[in-house]
Amino acid sequence: MKKIVLIGASGFVGSAILNEALNRGITVTAIVRDPSKINVQNDNLKVVKADVSSAAEVAKVSAGADAVISAYNPGWTNPAIYEETLKVYPAILEGVKKSGIKRLLIVGGAGTLFVAPGVRVVDSGAIPEEIMGGVKSLGEFYLDTLMNEKQIDWVFFSPAGSLEPGERTGHYRLGKDDLIVNDKGESKISVQDYAKAMVDELENPQHHQERFTIGY
């Protein structure tokens with residue numbers, strides 16, 4: 001039986017991952033800023049309020065788990081999202097390492113995926129300016145910090161360009177560094193299918209110290 005820590009469990013992606021994990025009988029410690037936002041009742045669920053900007057606190061709440069999944073996001077409307085992402089994610093990484101856990105799965109972004117040789121999504125003009133701070137900061141953390149991390153077995157799971165509520169179909173494609181598009185040129189995935197693929201990776205690891213992505 002897997003025992004995991006899920007950071008950001010009350011958010012859009014985090015809540016989908018929480019439901020997927022609990023439905024598979026995985027024991028989850030859900031780390032949130034506001035425990036009242038978790039309205040799921042399950043014998044395998046423990047909800048903990050913690051400050052994930054503190055590596056020591058992350059290490060304390062993570063101790064004893066098999067893996068950590070992080071869906072941390074300061075909030076897309078947070079004016080300090082760029083600064084907070086680049087402050088908090090290194091603390092999460094350091095805390096997981098201090099806890100002795102060897103596996104860290106991160107909900108990534110699509111910004112650093114390639115849409116053409118040498119051209120990333122973030123450089124394509126497709127990203128609205130109002131979310132650029134969050135996209136850029138998560139991309140910088142991946143490129144500048146995670147890609148140099150050799151101590152822990154991490155993965156950075158980038159969604160398709162459009163990640164929306166939908167159905168858990170189980171029918172999708174996985175890739176590495178290139179944006180996955182359908183025959184109409186659209187890059188889409190439901191949050192339910194994203195969560196399924198994330199928990200599949202948790203239970204049956206296929207990627208190690210690398211990024212992968214998903215799309216229909």
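Which residues of helix 4 are buried? In this predicted model, the buried residues of helix 4 are Met132, Gly134, Val135, Ser137, Leu138, Gly139, Phe141 and Tyr142, and they pack against helix 3, strand 5 (103–107), strand 8 (153–158) and strand 12 (210–215). The 14 residues of helix 4 should span 20 Å at 1.5 Å a residue, and because its end C-alpha atoms are 19 Å apart, the two values agree.

Helix 4 (132–145) also supplies at least two residues to the lining of the largest pocket, as do helix 1 (12–23), strand 2 (27–32), helix 3 (81–99) and strand 9 (162–164). The largest share, six residues, comes from helix 3. This pocket has a volume of about 1,100 Å³ and is lined by 49 residues, of which Val13, Tyr72, Asn73, Trp76 and Leu138 lie nearest its centre. The lining divides by class as follows.

| Class in the pocket lining | Residues |
|---|---|
| Nonpolar | 28 residues |
| Polar | 15 residues |

The largest nonpolar core has 34 residues, and within it Ile17 and Val28 touch the most other members. Two or more residues of this core come from each of several elements, including helix 1, strand 2, strand 5, strand 8 and strand 12, while helix 5 gives the most, with seven residues. Leaving aside residues up to four places away in sequence, Ile17 touches Leu6, Ile69, Val107, Tyr194, Ala195, Met198 and Val199. Apart from this core lies another, of 25 residues, among them Val58, Ala65, Val68 and Ile101.

Conventions. Residues numbered from 1 in each chain as written. Predicted model: local features only at pLDDT ≥ 70, side-chain atom pairs only at ≥ 80, totals over all residues. Heavy atoms only, no water. 1 Å grid on protein atoms, 1.4 Å probe; cavity = no way out; pocket = protein on both sides within 12 Å on 5 of 7 lines; lining within 4 Å. Points joined across faces, edges and corners; volume = space filled by probe spheres on them. Helix = DSSP H or I, 4+ residues; strand = E, 2+ residues; numbered from the N terminus. Nonpolar A, V, L, I, M, F, W, Y, C, P; charged D, E, K, R; others polar. Expected span 1.5 Å × (residues − 1). Buried < 20%, exposed > 50% of the residue type's maximum accessible area, 1.4 Å probe, protein only. Contact = heavy atoms within 4.5 Å. Core = buried A, V, L, I, M, F, W, Y, C linked by side-chain atoms within 4.5 Å.
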